[in-house]
Amino acid sequence: MTVAAIEAGGTKIVCAIGASVEEIRATRMRCVVETTDPTETQAKMASFFNACKPIEKVDRVGIATFGPVDPLTGTIGRTPKSGWSGFNWRTFAETVFRGANVTVDTDVNAAALAEARHGAARGLHVSAYLTVGTGIGGGIIVDDRPFQGIGHPEIGHMLIPRVIDDAFAGVCPYHADCLEGLASGRAIGARAGSPPETLVHSNEIWTLEATYLGIAIVNLMTVISPQRIVLGGGVMKQPLLLDLVRREVAARASEYLDLWFARSHQESIVVAPALGDDAGIVGAFELVRSTDQLPPKAPFRM
Ligand SMILES: [Zn+2]
(Lines give C-alpha, C1' and ligand atoms only; values in the text may rest on other atoms or scores of the structure.)
Protein backbone atom coordinates (compact mmCIF):
# COMPACT_ATOMS: atom_id res chain seq x y z
CA MET A 1 0.00 0.00 0.00
CA THR A 2 1.42 3.39 -1.01
CA VAL A 3 -0.58 6.38 0.10
CA ALA A 4 -0.75 9.96 -1.10
CA ALA A 5 -1.88 12.02 1.89
CA ILE A 6 -3.28 15.54 1.61
CA GLU A 7 -4.06 17.79 4.56
CA ALA A 8 -5.91 20.81 3.22
CA GLY A 9 -6.23 23.71 5.63
CA GLY A 10 -7.52 27.22 5.10
CA THR A 11 -4.06 28.77 4.76
CA LYS A 12 -1.85 25.86 3.65
CA ILE A 13 -2.04 22.39 2.17
CA VAL A 14 0.41 19.65 3.17
CA CYS A 15 1.06 16.83 0.69
CA ALA A 16 3.05 13.64 1.40
CA ILE A 17 3.58 10.14 0.08
CA GLY A 18 4.42 7.11 2.20
CA ALA A 19 3.59 3.52 3.06
CA SER A 20 3.46 3.90 6.86
CA VAL A 21 2.89 6.55 9.51
CA GLU A 22 6.61 6.67 10.15
CA GLU A 23 7.30 7.29 6.48
CA ILE A 24 4.62 9.97 6.26
CA ARG A 25 6.12 11.77 9.28
CA ALA A 26 9.73 11.44 8.16
CA THR A 27 9.39 11.57 4.40
CA ARG A 28 11.32 13.98 2.28
CA MET A 29 8.51 13.53 -0.22
CA ARG A 30 6.45 16.23 1.42
CA CYS A 31 5.52 19.71 0.33
CA VAL A 32 3.51 22.61 1.68
CA VAL A 33 1.42 24.66 -0.72
CA GLU A 34 -0.28 27.92 0.14
CA THR A 35 -4.07 27.72 -0.14
CA THR A 36 -4.89 30.31 -2.80
CA ASP A 37 -7.49 29.92 -5.54
CA PRO A 38 -8.26 26.30 -6.49
CA THR A 39 -6.75 26.42 -9.99
CA GLU A 40 -3.35 27.63 -8.79
CA THR A 41 -3.38 25.38 -5.71
CA GLN A 42 -4.32 22.27 -7.71
CA ALA A 43 -1.53 22.94 -10.21
CA LYS A 44 1.05 23.15 -7.41
CA MET A 45 -0.19 19.97 -5.72
CA ALA A 46 -0.26 18.06 -9.01
CA SER A 47 3.22 19.26 -9.87
CA PHE A 48 4.57 18.04 -6.51
CA PHE A 49 2.94 14.62 -6.78
CA ASN A 50 3.99 14.17 -10.41
CA ALA A 51 7.59 14.82 -9.36
CA CYS A 52 7.40 12.07 -6.69
CA LYS A 53 8.74 8.80 -8.00
CA PRO A 54 7.11 6.47 -8.41
CA ILE A 55 3.69 8.15 -8.40
CA GLU A 56 2.36 5.06 -10.25
CA LYS A 57 2.75 3.08 -7.02
CA VAL A 58 0.14 5.22 -5.22
CA ASP A 59 -2.94 3.05 -4.82
CA ARG A 60 -4.75 5.00 -2.11
CA VAL A 61 -5.34 8.68 -1.53
CA GLY A 62 -6.39 10.11 1.84
CA ILE A 63 -7.70 13.67 1.79
CA ALA A 64 -8.27 15.56 5.04
CA THR A 65 -9.84 18.84 4.03
CA PHE A 66 -11.30 22.00 5.50
CA GLY A 67 -15.07 21.84 5.46
CA PRO A 68 -17.84 21.79 5.00
CA VAL A 69 -17.33 18.74 2.78
CA ASP A 70 -19.45 15.82 1.68
CA PRO A 71 -17.16 12.82 2.32
CA LEU A 72 -19.04 10.64 -0.18
CA THR A 73 -18.83 12.95 -3.18
CA GLY A 74 -15.74 14.89 -2.04
CA THR A 75 -17.46 18.21 -2.76
CA ILE A 76 -16.73 21.32 -0.67
CA GLY A 77 -19.89 23.10 0.48
CA ARG A 78 -20.48 26.81 0.79
CA THR A 79 -17.32 28.40 2.18
CA PRO A 80 -16.01 31.94 2.53
CA LYS A 81 -12.73 30.70 0.96
CA SER A 82 -12.74 32.34 -2.44
CA GLY A 83 -13.40 29.95 -5.34
CA TRP A 84 -13.55 26.77 -3.24
CA SER A 85 -17.34 26.39 -2.91
CA GLY A 86 -18.25 23.37 -5.07
CA PHE A 87 -14.62 22.24 -5.52
CA ASN A 88 -14.42 18.45 -5.84
CA TRP A 89 -11.51 16.63 -4.19
CA ARG A 90 -12.33 13.26 -5.76
CA THR A 91 -12.14 14.70 -9.26
CA PHE A 92 -8.74 16.20 -8.46
CA ALA A 93 -7.41 12.96 -6.93
CA GLU A 94 -8.75 10.74 -9.70
CA THR A 95 -7.09 12.94 -12.31
CA VAL A 96 -3.66 12.87 -10.63
CA PHE A 97 -3.74 9.28 -9.32
CA ARG A 98 -5.57 7.24 -11.93
CA GLY A 99 -7.24 4.13 -10.52
CA ALA A 100 -6.36 4.87 -6.89
CA ASN A 101 -8.90 4.45 -4.11
CA VAL A 102 -9.83 7.88 -2.68
CA THR A 103 -11.07 8.64 0.85
CA VAL A 104 -12.19 12.12 1.87
CA ASP A 105 -13.02 13.47 5.33
CA THR A 106 -12.62 16.68 7.29
CA ASP A 107 -9.17 17.78 8.45
CA VAL A 108 -10.35 17.68 12.05
CA ASN A 109 -11.93 14.23 11.82
CA ALA A 110 -8.62 13.04 10.34
CA ALA A 111 -6.59 14.68 13.12
CA ALA A 112 -8.95 13.11 15.66
CA LEU A 113 -8.38 9.71 14.02
CA ALA A 114 -4.59 10.17 14.11
CA GLU A 115 -4.65 11.04 17.82
CA ALA A 116 -6.99 8.10 18.51
CA ARG A 117 -4.78 5.58 16.68
CA HIS A 118 -1.30 6.88 17.49
CA GLY A 119 -1.50 9.80 19.90
CA ALA A 120 -3.12 11.20 22.99
CA ALA A 121 -6.38 9.22 22.71
CA ARG A 122 -4.85 5.84 21.87
CA GLY A 123 -6.76 2.84 23.16
CA LEU A 124 -10.02 4.72 23.81
CA HIS A 125 -13.49 4.09 22.39
CA VAL A 126 -14.77 7.66 22.29
CA SER A 127 -12.59 10.72 21.89
CA ALA A 128 -12.76 14.20 20.42
CA TYR A 129 -10.20 16.53 18.91
CA LEU A 130 -10.70 20.27 18.94
CA THR A 131 -8.42 22.59 17.04
CA VAL A 132 -8.32 26.22 18.08
CA GLY A 133 -6.52 28.21 15.42
CA THR A 134 -7.59 30.87 12.93
CA GLY A 135 -10.95 29.07 13.09
CA ILE A 136 -12.24 26.35 15.41
CA GLY A 137 -13.07 22.82 14.28
CA GLY A 138 -13.54 19.46 15.89
CA GLY A 139 -13.76 15.77 15.08
CA ILE A 140 -15.15 12.85 17.05
CA ILE A 141 -13.94 9.24 16.92
CA VAL A 142 -16.18 6.39 18.00
CA ASP A 143 -14.73 2.87 17.95
CA ASP A 144 -11.91 3.77 15.62
CA ARG A 145 -14.06 5.57 13.04
CA PRO A 146 -14.73 9.26 12.41
CA PHE A 147 -18.24 10.02 13.55
CA GLN A 148 -20.61 10.94 10.72
CA GLY A 149 -24.30 11.58 10.84
CA ILE A 150 -26.23 13.33 8.11
CA GLY A 151 -23.08 15.40 7.80
CA HIS A 152 -19.87 15.78 9.79
CA PRO A 153 -19.77 17.49 13.19
CA GLU A 154 -19.39 21.29 13.14
CA ILE A 155 -18.17 21.69 16.70
CA GLY A 156 -16.71 25.14 16.00
CA HIS A 157 -20.16 26.47 15.21
CA MET A 158 -21.87 25.33 18.40
CA LEU A 159 -23.83 28.11 20.01
CA ILE A 160 -22.64 28.98 23.48
CA PRO A 161 -23.81 31.51 26.08
CA ARG A 162 -21.98 34.81 26.18
CA VAL A 163 -20.04 35.92 29.20
CA ILE A 164 -21.90 38.81 30.80
CA ASP A 165 -20.31 42.15 29.81
CA ASP A 166 -18.70 40.69 26.68
CA ALA A 167 -19.99 43.10 24.04
CA PHE A 168 -17.79 41.77 21.20
CA ALA A 169 -20.02 41.09 18.17
CA GLY A 170 -18.20 37.92 17.05
CA VAL A 171 -16.53 37.10 13.71
CA CYS A 172 -18.42 34.10 12.30
CA PRO A 173 -19.89 35.09 8.92
CA TYR A 174 -22.85 32.76 9.53
CA HIS A 175 -23.69 33.12 13.23
CA ALA A 176 -21.57 36.02 14.48
CA ASP A 177 -21.18 34.81 18.08
CA CYS A 178 -20.92 31.01 17.88
CA LEU A 179 -17.85 29.34 19.50
CA GLU A 180 -15.65 30.16 16.48
CA GLY A 181 -17.10 33.67 16.34
CA LEU A 182 -16.14 34.34 19.96
CA ALA A 183 -13.04 32.24 20.64
CA SER A 184 -11.11 31.53 17.40
CA GLY A 185 -7.71 33.13 16.76
CA ARG A 186 -9.46 35.51 14.39
CA ALA A 187 -11.91 36.48 17.16
CA ILE A 188 -9.13 36.98 19.70
CA GLY A 189 -7.28 39.24 17.25
CA ALA A 190 -10.38 41.26 16.37
CA ARG A 191 -11.39 41.65 20.00
CA ALA A 192 -7.94 42.79 21.15
CA GLY A 193 -6.95 44.71 18.04
CA SER A 194 -3.72 42.73 17.62
CA PRO A 195 -2.81 39.10 16.74
CA PRO A 196 -3.06 36.42 19.49
CA GLU A 197 0.70 35.76 19.48
CA THR A 198 1.33 39.36 20.62
CA LEU A 199 -1.01 38.99 23.60
CA VAL A 200 1.00 36.51 25.67
CA HIS A 201 0.68 38.53 28.87
CA SER A 202 -2.95 39.65 28.50
CA ASN A 203 -4.49 37.68 31.35
CA GLU A 204 -7.94 39.06 30.72
CA ILE A 205 -7.94 37.82 27.11
CA TRP A 206 -6.84 34.28 28.04
CA THR A 207 -9.20 33.98 30.98
CA LEU A 208 -12.10 34.86 28.67
CA GLU A 209 -10.77 32.46 26.02
CA ALA A 210 -10.57 29.65 28.60
CA THR A 211 -14.13 30.39 29.68
CA TYR A 212 -15.53 29.99 26.17
CA LEU A 213 -13.46 26.88 25.44
CA GLY A 214 -14.44 25.45 28.83
CA ILE A 215 -18.14 25.94 28.05
CA ALA A 216 -17.72 24.22 24.67
CA ILE A 217 -15.87 21.29 26.24
CA VAL A 218 -18.48 20.78 28.94
CA ASN A 219 -21.11 20.79 26.16
CA LEU A 220 -19.13 18.06 24.38
CA MET A 221 -18.91 16.09 27.62
CA THR A 222 -22.65 16.24 28.13
CA VAL A 223 -23.41 15.17 24.54
CA ILE A 224 -20.83 12.49 23.64
CA SER A 225 -19.30 11.59 27.03
CA PRO A 226 -15.78 11.33 25.61
CA GLN A 227 -12.98 9.50 27.39
CA ARG A 228 -10.58 12.15 26.16
CA ILE A 229 -10.66 15.56 24.47
CA VAL A 230 -7.48 16.61 22.66
CA LEU A 231 -6.96 20.36 22.27
CA GLY A 232 -4.71 21.40 19.38
CA GLY A 233 -4.19 24.37 17.07
CA GLY A 234 -2.04 27.49 17.16
CA VAL A 235 -4.01 29.30 19.86
CA MET A 236 -3.50 26.39 22.28
CA LYS A 237 0.26 27.02 22.13
CA GLN A 238 -0.34 29.97 24.45
CA PRO A 239 1.39 29.01 27.74
CA LEU A 240 -1.00 28.15 30.57
CA LEU A 241 -4.13 28.21 28.36
CA LEU A 242 -4.57 24.44 28.67
CA ASP A 243 -4.45 24.73 32.47
CA LEU A 244 -6.93 27.60 32.46
CA VAL A 245 -9.30 25.56 30.28
CA ARG A 246 -8.99 22.54 32.58
CA ARG A 247 -9.82 24.72 35.57
CA GLU A 248 -12.87 26.10 33.78
CA VAL A 249 -14.03 22.62 32.81
CA ALA A 250 -13.55 21.35 36.34
CA ALA A 251 -15.63 24.20 37.75
CA ARG A 252 -18.44 23.78 35.22
CA ALA A 253 -18.53 19.97 35.20
CA SER A 254 -18.58 19.71 38.97
CA GLU A 255 -21.37 17.88 40.77
CA TYR A 256 -23.64 16.78 37.94
CA LEU A 257 -20.86 15.14 35.87
CA ASP A 258 -18.83 13.93 38.85
CA LEU A 259 -19.75 10.31 38.27
CA TRP A 260 -17.69 10.17 35.05
CA PHE A 261 -15.55 13.28 35.11
CA ALA A 262 -14.27 13.53 38.66
CA ARG A 263 -11.95 16.46 39.30
CA SER A 264 -9.04 14.10 39.83
CA HIS A 265 -9.41 12.97 36.21
CA GLN A 266 -9.60 16.39 34.62
CA GLU A 267 -5.96 16.38 33.58
CA SER A 268 -6.31 13.07 31.80
CA ILE A 269 -9.52 14.05 30.00
CA VAL A 270 -8.52 17.40 28.50
CA VAL A 271 -5.03 17.02 27.00
CA ALA A 272 -2.57 18.42 24.45
CA PRO A 273 -2.03 16.52 21.17
CA ALA A 274 0.73 13.90 21.15
CA LEU A 275 1.38 14.21 17.41
CA GLY A 276 1.75 17.99 17.45
CA ASP A 277 1.47 19.58 14.01
CA ASP A 278 1.63 16.15 12.32
CA ALA A 279 -1.88 15.10 13.43
CA GLY A 280 -3.50 16.32 10.20
CA ILE A 281 -1.17 14.67 7.69
CA VAL A 282 -1.00 11.43 9.72
CA GLY A 283 -4.81 11.54 9.85
CA ALA A 284 -4.99 11.91 6.07
CA PHE A 285 -2.87 8.76 5.81
CA GLU A 286 -5.00 6.93 8.39
CA LEU A 287 -8.27 7.71 6.56
CA VAL A 288 -7.38 5.04 3.99
CA ARG A 289 -6.66 2.34 6.56
CA SER A 290 -9.54 0.25 7.77
CA THR A 291 -9.65 -1.05 11.32
CA ASP A 292 -8.58 -4.59 10.36
CA GLN A 293 -5.22 -3.31 9.07
CA LEU A 294 -4.25 -1.78 12.40
CA PRO A 295 -1.94 -3.18 15.08
CA PRO A 296 -3.71 -4.24 18.30
CA LYS A 297 -4.51 -1.42 20.73
CA ALA A 298 -2.52 -0.97 23.90
CA PRO A 299 -4.63 -1.45 27.05
CA PHE A 300 -5.98 1.84 28.37
CA ARG A 301 -5.89 2.88 32.00
CA MET A 302 -7.37 6.10 33.30
ZN1 LIG B 1 -20.52 29.99 13.29
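1. Let's start with the core. The largest nonpolar core has 41 residues, and those with the most contacts inside it are Leu-179, Leu-213, Ile-217, Met-221, Leu-231, Leu-241 and Val-245. A nonpolar core here is a set of buried Ala, Val, Leu, Ile, Met, Phe, Trp, Tyr and Cys residues joined through side-chain atoms within 4.5 Å. Buried means under 20% relative accessible area, exposed over 50%, and partly exposed in between (1.4 Å probe, protein chains only). In soluble globular proteins, nonpolar side chains tend to be buried together.

2. Before you go on: this is a predicted model, where local features need pLDDT of at least 70, side-chain atom pairs count only at pLDDT 80 or more, and totals for chains, interfaces and linings use all residues. Residues are numbered from 1 along each chain as its sequence is written, and side-chain values use heavy atoms, with hydrogens and water left out.

3. Now the zinc ion. Its protein donors are His-157 (ND1), Cys-172 (SG), His-175 (ND1) and Cys-178 (SG), at 2.1 to 2.3 Å. Donors are N, O and S atoms within 2.8 Å of the metal (3.2 Å for Na, K and Ca); water is not among the atoms, so sites may look incomplete.

4. Is Asn-109 buried or exposed? Asn-109 counts as buried because its relative accessibility is 0%. You'll find Asn-109 in helix α4 (residues 107–118). A polar atom of the Asn-109 side chain lies 3.3 Å from the backbone nitrogen of Ile-140.

5. Thr-75, in strand β6 (residues 75–76), is partly exposed, since its relative accessible area is 26%. The Thr-75 side chain makes polar contacts with the side chains of Thr-73, at 3.1 Å, and Asn-88, at 3.0 Å. A polar contact is a pair of N or O atoms within 3.5 Å; within protein, one must be able to donate a hydrogen and the other to accept it, and residues adjacent in sequence count only if both atoms are side-chain atoms.

Terms used: Helices (H or I, at least four residues) and strands (E, at least two) are DSSP runs, numbered from the N terminus.
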